[in-house]
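Work through the exercises below with the sequence and the structure at hand, and try each task before you read its solution.

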Amino acid sequence: MKNLLYVIIFSALISNCFASLDSDKKQNVPQPPVVKQYVNACLEIERIRANKNPDSNAINAQYEITLPVVKYIDSVCAANYDKEIRDALKKLAAGEKPEINGQIIGKGFQNVTVLAIRQELNLMAADPNNIKPCAERIAAYFEGIRPTFIRRDKGFFEGKKTLEASADAALEQLSKADKTSLLTASRELEDVIARTYALSVLYEMQEIEKSRDSDLKFCDVKRVEAGIFYRIIMPRIEKRSPKINQTLLNLINGSYGAIDSKEIEKYLAAGLAINLRQS
Amino acid sequence: MRKLWLVVLLMIAIAGILIILKPGKKAEAEIRPEVLNVSSSQATIAWLSEKKYKGLVFFQPAGDAAALLPAAETFGASGQHEVILTGLWPSTRYTYRVGDSKARFQFQTQPAVTDPFSFLIVWGDISDRVVPLMRSELAEFIISLTPPSGQNFDQFSDVRPYVPVYGSSGIDSPFLRAAAGRHQTDSGNLWKLDWGGLRLIFVGGAVDTAKIADLFNTPAAHTIGIITSLGTIGEFESKKISESALHSALVSHNKQHPAKPAAFVAVIGKDADNVEVDGVQYFGISSGTKSSGAIRIDVDVESVRAVFIDENRELALKQPPLKQKRTCEECRRLADKGAYEESIKAYLEFIEAHKGSFQIDDAYYAIADIYDNKLFEFDKALTWYRRLISEYSDSTFTALANQRIKYISAYSDYDYKPLASFERIKAIEYARKKDQPQERNRIFNEVKSLIKEYPDSNLAPVMQHWLANQYRLSNPDKAVEAYMALRKNYSGHSEAQEAMVEIGETYYDAGRYKEAIIAFKQALNESPALADTIKTQIARAQRNIRRDKISYACWIVLAITCGIAFLRKPRSVETSRIFWSFVVFVITGVLLSFGAWLIHEQFNSLKEMLLIVFFFSTTTAVSTLISMSFTDKLLAKNNRSVLAAVAGTMAGIIFFLAGIYLTIYYVYVHYLIVVKL
């Protein structure tokens with residue numbers, strides 16, 4: 001009888017311990033060590049890509065490390081990033097449009113990372129038991145996109161840590177959130193991510209404005225970058241207003257002579273319902 | 001012994017359970033506010049408390065670092081608090097907290113009439129889904145078709161601090177229910193909710209159509225929607241619906257106000273189905289047959305759609321007049337292969353064949369774009385851009401068309417001749433041949449001739465500026481000459497405003513820092529508005545001059561220390577000294593390689609890392625050799641060993657510092673920022 005009691009108590013204890021992990025495991029959610037490896041590999045790929053002659057074998061090797069996260073996002077978001085990145089890797093290795101394919105790889109990872117963060121926010125909202133582990137993973141994922149926040153702070157806020165500080169504050173709030181305050185923290189994080197990538201689109205369009213009279217090849221690369229950045233914020237804009245989304249797509253893909261970054265900023269702000277320059 | 005083990009295990013198990021269940025951490029009674037009565041400029045935050053006090057709310061626009069604004073309750077201390085926040089911006093999200101509470105919440109003000117927004121219609125028990133739904137669907141309010149249970153359980157408690165919740169007979173609020181007597185919560189079987197440009201009318205049963213018609217008179221709203229029950233329309237069938245009193249009222253309104261139509265009717269109690277009757281979209285909400293569900297309604301000026309979240313299905317409730325969009329693939333293919341005239345012909349045929357049936361604004365834009373950017377026939381391009389804007393004013397291409405109209409109109413003088421030539425040069429010749437120096441110069445001369453031919457044209461300063469910018473990439477002197485010409489000939493033009501700054505930047509890019517500083521200083525006088533940027537540039541130029549000077553000084557230091565160490569008599573260097581220097585080189589090399597590998601991501605490339613490791617190790621080894629050689633020579637001259645050792649070490653350190661500086665200066669000069677040089 002005593003033995004039975006012990007068995008029941010231990011079973012209860014163990015099942016309690018693993019209860020919160022159970023839902024994660026069912027969905028093969030990448031755990032913090034895997035996320036950290038993924039983030040490091042993404043940063044390493046960016047570093048290799050920055051070289052004049054990027055070593056495609058080295059990028060391939062790093063890409064294998066990122067695969068668990070890329071495949072997980074492909075499965076939960078019905079996306080196709082694995083194929084897209086592999087295609088770009090092949091083209092890069094063959095020397096085909098290296099600037100453009102390099103951007104597809106680099107910025108593709110930013111898409112995957114933001115989708116991974118959104119997925120973690122969904123898991124949090126679905127089950128309050130997930131808040132803490134999800135917040136840890138989100139913090140780990142964020143390191144992969146932090147360089148973009150630093151760059152946009154430098155370009156749009158004179159180096160003052162505006163976006164980066166907002167993101168860090170939101171991450172901190174998220175780690176402390178409960179079921180009710182979760183919405184505030186997750187919205188704040190989503191807002192600062194949206195702002196950063198909207199400013200990234202804007203930055204690329206400003207670069208096109210500067211170079212459209214002299215360097216069309218550079219403009220082509222910048223347009224690809226803008227397109228990939230826009231893909232990150234497009235679902236939110238499309239949900240709010242399909243018309244604003246279509247207008248923005250037309251503006252981004254319009255002839256270089258017709259591109260007007262001020263007009264694009266206006267539509268981005270309207271589409272996201274956010275003041276992009278708020279300091 | 002066995003019993004003792006069992007007791008220990010039992011205690012561990014109990015402790016584990018206690019830690020997991022955290023019984024001591026039972027949630028304190030936290031304030032759960034509700035958002036009530038949100039308009040475009042104010043919102044009411046309400047909550048209940050056991051103790052009586054005067055409520056206070058602090059708020060600020062979300063994401064704003066500005067200080068929190070306080071808003072206090074109007075009446076005295078009570079246990080039922082209502083705080084009205086005023087002076088808000090439309091369509092803006094605000095973060096707020098109640099009193100000293102740490103919990104922060106957000107609400108969104110109503111949008112302006114023309115701004116888009118979304119809301120949710122939900123039914124059944126969605127308590128497990130309500131937070132995820134609010135997060136993913138970005139709804140501004142919720143309509144619940146299930147009456148509140150009346151028990152303590154409130155399935156919306158987690159989202160009430162964020163959005164107002166409405167029921168079929170008015171606002172659904174535990175606060176208002178608790179404060180019954182002060183407030184009337186039941187709006188009866190006919191009431192309206194205005195949100196942005198939408199007026200939602202709730203019809204709870206058989207009602208007087210005249211009363212419904214009264215609710216249609218909405219000067220601001222662009223769309224009217226009805227939520228009603230199956231009983232109001234009889235049966236969910238076109239014929240029966242068209243005979244209903246409600247439908248007659250809707251049709252009559254739509255005839256009088258076609259621009260602000262009653263676009264849809266949501267019918268509660270009908271299985272998911274939809275039918276369009278006289279331009280009004282009726283759709284069923286199966287609140288009875290399915291235990292729970294949610295529909296998101298997206299509202300924009302010209303379109304409204306219902307997204308059935310659980311069914312992965314969308315339904316257009318209101319559409320622009322020309323709803324279908326088709327693209328002429330053949331026309332586009334012709335344009336892509338350079339057959340522009342044929343492409344235009346094909347587009348014209350496409351327009352003729354589909355006019356009035358499809359949204360063909362993209363065909364208009366494509367024709368305008370071909371005339372504009374491929375054929376450089378700007379008058380025709382303008383015609384098509386203008387036709388696009390007048391015939392499809394709501395097109396998503398109008399922003400682009402407006403940009404081009406503005407640009408082309410600004411440079412339309414001389415019958416577009418300078419514009420056509422310049423655009424052709426830029427888009428075709430320069431894009432293809434700018435990497436061939438001879439061709440590039442020929443193109444520049446062509447632009448110069450254009451400026452000479454049309455010196456008074458509106459485009460002349462633009463061309464002059466373009467010329468200067470292109471020279472800047474290959475010939476700084478010619479660039480400066482062109483910028484000076486721009487300043488001289490077109491001094492009042494906007495293109496010339498920053499020419500002096502650009503001259504400074506041209507010199508800076510060419511490494512001619514002294515000339516850059518002179519130019520920047522002149523620019524500082526001319527453009528005080530750019531003072532911050534110019535001062536930064538001057539500081540950067542001065543810093544680079546300083547770095548150059550330090551590098552020259554370092555070379556001199558190296559020459560002197562080497563000269564004294566190796567050329568001064570006795571000139572020989574002991575083999576053992578060279579051996580030990582080599583040992584230093586190897587040890588330093590290994591240590592630095594290991595350290596550099598640890599922080600390898602800080603370097604721009606592997607080559608850069610290896611160069612720094614190699615030259616740092618070499619400098620260390622040579623400075624050791626110099627130190628020893630210097631000491632030996634001083635010792636040979638007099639016997640003061642301590643002084644000789646100190647002087648030798650100093651010489652080694654000076655050589656080492658100079659060597660390190662030069663390594664960084666030549667490998668990657670920006671690392672000098674680390675030591676504030």
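This is a predicted model: local features need pLDDT of at least 70, side-chain atom pairs count only at pLDDT 80 or more; totals for chains, interfaces and linings use all residues.

**Exercise 1: a sheet and its edge**

Solution: Next, look at the two strands, where β10 (residues 165-167) of chain B and β11(B) run antiparallel and are joined by two bridges. Finally, widen the view to the open sheet of seven strands in chain B, whose pairing is mixed and whose order is β11-β10-β9-β8-β18-β19-β20. Its edge strands, β11 (170-171) and β20 (313-318) of chain B, each pair on one side only.

**Exercise 2: two helices**

Task: Decide how helix α2 (residues 32-49) and helix α6 (residues 131-156) of chain A are oriented to each other.

Solution: First take the axes, which come within 8 Å and cross at roughly 10°. Since angles under 35 degrees count as roughly parallel, α2(A) and α6(A) are therefore roughly parallel to each other. The contact includes V35(A) and V39(A) from α2(A), and A140(A) and Y141(A) from α6(A). Its residues divide into seven nonpolar, one polar and four charged.

**Exercise 3: two domains**

Solution: Then turn to the contact, in which 13 residues of domain 1 of chain B touch 13 residues of domain 2 of chain B. On the domain 1 side, β7(B) gives the most, with four residues, and the residues of that side divide into eight nonpolar, four polar and one charged.

Notes
Residues are numbered from 1 along each chain as its sequence is written. Chains are lettered from A and ligands numbered from 1 in the order in which they are written. Two strands pair if DSSP finds at least two bridges between them. Axes are lines fitted to C-alpha atoms, for helices over the stretch in contact, and angles run from 0 to 180 degrees between N-to-C directions. Angles under 35 degrees count as roughly parallel, over 145 as roughly antiparallel, 65 to 115 as roughly perpendicular and the rest as oblique. Two residues are in contact if their C-beta atoms, placed from the backbone, lie within 7 Å. Ala, Val, Leu, Ile, Met, Phe, Trp, Tyr, Cys and Pro count as nonpolar, Asp, Glu, Lys and Arg as charged, and the others, Gly among them, as polar.
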